[in-house]
Amino acid sequence: VDWGVTYYRSTVSNFFPAGGYDNKLNTNLYQLNVSYPFDETKRLALTMGYRSDRGILKSADPISLVVEDTVTKYALSRLEYVYDNTLNPAQNIWKGLRWKTYMDFNLPMSKGVSKNFNFNFGFDARNYVEIYRNFIWATRVAGDFSWGDQKIVYFLGGVDGWVGPQFNSAIQPAQDQTYAFQSLAVNMRGFKQNIANGNNALVINSELRFPVFATLLNRPINNAFLRNFQLTQFIDLGTAWNGKFNGIERPYSVYTDPGNPVSVRIKAGGIGPFVGGYGFGARSTLLGYFMKADLAWEMNGIFKGKPMFYFALGLDF
């Protein structure tokens, strides 16, 4: 049996649209997790937590001085089943299959707030096929589906661990939905964050990972940068939508000019109901960090248009 406790705190400045007033959001999360293994490949995990969000409007005049802080408290829980039959022969290289499925249940705990439940079901499946030695083909399918009185809104686009992320603010969440939390649906390269949003999201990733020197040289490599240097070729597909499954459609790109009230709405490149992106990347270890650089094109012709560059930290997808 494995267990752990976590305390997490974050402060985000100017989180709320407050009419020009400076504001911040303080979040405190207290969490307990317990995991029970059935054997070497399967386990059941339970996570329970308490989260407090405090919105603070900084005093700048008599009007803002009398505005009280807003406090929202939640009881959080997640039940997760994990299957992991992979081997990890090198950094960012796996062989085998692993997947997990999970259910989230969140309940508001603030005084005077109605008990609006929030549910979320999700899954994440990854398969790694050996091509030659540590040269592999990695694939992933992941989805999240939120429902209840207050949902989670998923913003599709970008990569996990993106350094200097870009967000598309032209596409607004549905006004007839009530959202309690927000999250990212990644990886979806070729687009900024929020090419689409909704309480449901689905992402499909394919990636060829070629550790250049470790594959071609038949001897030990002491230098971590050369040993872990990898070239990749990837294809990403994804979509996000509100409501039932019949609401799935290809997301649109919205282009605006700050000096012009007119906006242009164009169906994004992709396949069927999915937006798509493809491109090439490089990965390696530097100063103890695993760094990823990707150049991605929107799936709208062959290398058509200007590609997007991503620099991120982290392993796998």
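Asparagine 92 lies in the loop between strand S4 (70-90) and strand S5 (93-108) of a predicted model, in which local features need pLDDT of at least 70, side-chain atom pairs count only at pLDDT 80 or more, and totals for chains, interfaces and linings use all residues. Residues are numbered from 1 along each chain as its sequence is written, and side-chain values use heavy atoms, with hydrogens and water left out. The protein chain holds three helices and 18 strands; helices (H or I, at least four residues) and strands (E, at least two) are DSSP runs, numbered from the N terminus.

**Overall dimensions and surface**

- The C-alpha trace of the protein chain spans about 70 × 55 × 45 Å along its principal axes.
- Of the 317 residues in the protein chain, 40% are buried. Buried means under 20% relative accessible area, exposed means over 50%, and partly exposed is in between (1.4 Å probe, protein chains only).

**Contacts and charges across the chain**

- Among contacts in the protein chain with a separation of 6 or more, 63% are between residues 24 or more positions apart. A contact means heavy atoms within 4.5 Å.
- The protein chain carries 31 positive and 24 negative side chains, and the centres of the two sets are 3 Å apart. Lys and Arg count as positive and Asp and Glu as negative, while His and the chain ends are not counted. The place of a charge is NZ of Lys, CZ of Arg, CG of Asp or CD of Glu.

**Backbone geometry**

- Most residues other than glycine have a negative phi, and most peptide bonds are trans.
- Asparagine 92 has a positive phi, near 65°, and is a residue other than glycine. Asparagine 92 is buried, at a relative accessible area of 1%.
- Aspartate 316, not a glycine, has a positive phi of about 60°. Aspartate 316 sits in the segment after strand S18 (308-313), and its relative accessibility of 4% counts as buried.
- The peptide bond between valine 186 and asparagine 187 is cis, with omega about 5°. Asparagine 187 belongs to the loop between strand S9 (179-185) and strand S10 (196-198).

- Threonine 27 is part of strand S2 (residues 23-37) and is buried, with a relative accessible area of 6%.
- The side chains of threonine 27 and aspartate 53 are joined by a polar contact of 2.7 Å. A polar contact is a pair of N or O atoms within 3.5 Å; within protein, one must be able to donate a hydrogen and the other to accept it, and residues adjacent in sequence count only if both atoms are side-chain atoms.
- Not counting residues up to four places away in sequence, threonine 27 touches Tyr8, Arg9, Ser10, Arg51, Ser52 and Asp53.
- Asparagine 200 is in strand S11 (residues 200-211) and is buried at a relative accessible area of 5%.
- A polar atom of the asparagine 200 side chain lies 2.8 Å from the backbone oxygen of glycine 243. Residues that asparagine 200 touches, not counting those up to four places away in sequence, include Asp144, Tyr154, Trp241 and Gly243.

- Lysine 95 is found in strand S5 and counts as partly exposed at 21% relative accessibility.
- The side chain of lysine 95 has a polar atom 2.9 Å from the backbone oxygen of arginine 133, and makes a polar contact of 3.4 Å with the side chain of asparagine 134.
- Lysine 95 and alanine 138 are 43 residues apart in sequence, with a C-alpha to C-alpha distance of 8.7 Å.
- Valine 163 is in the loop between strand S8 (151-156) and S9, and is partly exposed at 42% relative accessibility.
- Valine 163 touches Phe311, Ala312 and Leu313, not counting residues up to four places away in sequence.
- From valine 163 to glycine 19 the separation is 144 residues in sequence and 28 Å in space, C-alpha to C-alpha.
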